[in-house]
Amino acid sequence: MLPDLRCSLSTRAVLGSESGCPPECSRYKGTFDVLYKVTRQEGFAGLWRGTNASLALAVPTVGIYLPCYDIFRNIMEDFTTRNAPTLTPYVPLVAGSVARTLACVSCYPIELARTRMQAFKETQTGVKPAGVRKTLLGLINPVKSTNLHQNLQNYRILWTGLGAQLARDIPFSAICWSTLEPIRRRMLGTMGDEASAASVLGANFCAGFVAGSLAATATCPLDVARTRRQIEKDPVKALRMTTTKTLLEIWRDGGMKGLFTGISPRLGRAGPSVGIVVSFYEVVKYALHHRLGTQ
C-alpha cells in the first residue's frame, strides 16, 4: 500500500533520497510473510507497535459500546414487546448499530493515531514511532493557519476516514449482534437458570467468535478502504477522499482480491476478539449480579 513505509533501513540507498528497496521488500504475499518481514526488519517488538494506542482505545470504546448496547437493547425490547412484537428480533441489529456509532465517533482520533502508528516505518536508526499525542499533533500542525476559524475547521482531520470507519463498523455491529444474540440465547437456554460462570463464559465466547468471524468477512472491503484513508500522508488529499472513491480505486487496482486484502489476519483477530470481549463483559455482569443478589 505504501512501499516507502515498508523498506528496511538496510535496503535503502546510502546516499540520496531514493530508496534502494528491492521489489520483494515492499510486497507482502500473505499473513506469515508479513510476520516474517516485520520481525526480520524491525525486530519482534515491531509486531506490537501501537499497543499503547490500542489500550487507550479499547478502554473507552468498550466502556461506551457494550453498556450502551445493553441499555438500548433493553429499552427497545420493552417497547417492541408491548407495541410491535414482530420487530423484536431486529432490536439487536439496531441497538448494536447505534451504540457502535456513539463509541466510534467519541474515540475515533485515538483509532486514527493507532492505525498511523502501526503504519510507521523507521527511516533513521534509533528513531522510534511517536506516541498517541505526538501522532495527533503531527496531523494537525501541517494544516494550521493564523485564522482561528480555519484552525477549528482543520481539526476535522482528526476524524479523517470516520465515514469509512462508520461504513465498516455499523454493518459489522449489525451483523455481529443480530447473529450473536440468537446463538447466545439458545446456548444459555439449554443450560437453564442455574448456569455457572464458566457456562456463561463459554456460551458468550462461542457466540462471539462465530458472529465476529461472519461480520469480519462481510465488512472486509470497508476495512481495507478505512485503512487506506487513515494512512494517507497528504492532509489535503486525506480530507478530499471518500469511502466510495477509495473502494473504486481499490477495485481498479486489485479487483476482488484487493478488496479482501488481509482477510486472514482480520478473521484471526475479529473472531477471538469479539468472543473475549463479550464473554468477559458478561462474566463480570454475572458476578456483580450474583454478588449484589446475595447482599
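1. Helix α2 covers residues 51–83, and its 33 residues reach 46 Å from the first C-alpha to the last. That span is close to the 48 Å expected at 1.5 Å a residue. The model is a predicted one, and the remarks below should be read accordingly.

2. The helix α2 carries a kink of about 25°, centred on Thr-61. Thr-61 is also one of the buried residues of α2. The others include Ala-53, Leu-57, Tyr-65, Leu-66, Cys-68 and Tyr-69. Further along the helix, Asp-70, Arg-73, Glu-77 and Thr-80 are buried as well.

3. Helix α8 spans residues 220–230 and is mostly covered, with nine of its 11 residues buried. Among them are Pro-221, Leu-222, Val-224 and Ala-225. Asp-223, Arg-226, Arg-229 and Gln-230 also belong to the buried set of α8.

4. How do α8 and α10 cross? The axes of α8 and helix α10 (residues 243–259) come within 10 Å and cross at roughly 120°. The two helices are therefore oblique to each other, and their crossing is right-handed.

5. On the cysteines, the count of disulfides in the model is zero. Is Cys-220 buried or exposed? Cys-220, a residue of α8, is buried, with a relative accessible area of 1%. Cys-68 in α2 is buried.

Key:
Residues numbered from 1 in each chain as written. Predicted model: local features only at pLDDT ≥ 70, side-chain atom pairs only at ≥ 80, totals over all residues. Heavy atoms only, no water. Helix = DSSP H or I, 4+ residues; strand = E, 2+ residues; numbered from the N terminus. Expected span 1.5 Å × (residues − 1). Bend = angle between axes of the 7 residues up to and from the residue. Buried < 20%, exposed > 50% of the residue type's maximum accessible area, 1.4 Å probe, protein only. Disulfide = S-S within 2.5 Å. Axes fitted to C-alpha atoms, helices over the stretch in contact; angles between N-to-C directions. Parallel < 35°, antiparallel > 145°, perpendicular 65-115°, else oblique. Left-handed = near helix turned anticlockwise from the far one by under 90°.
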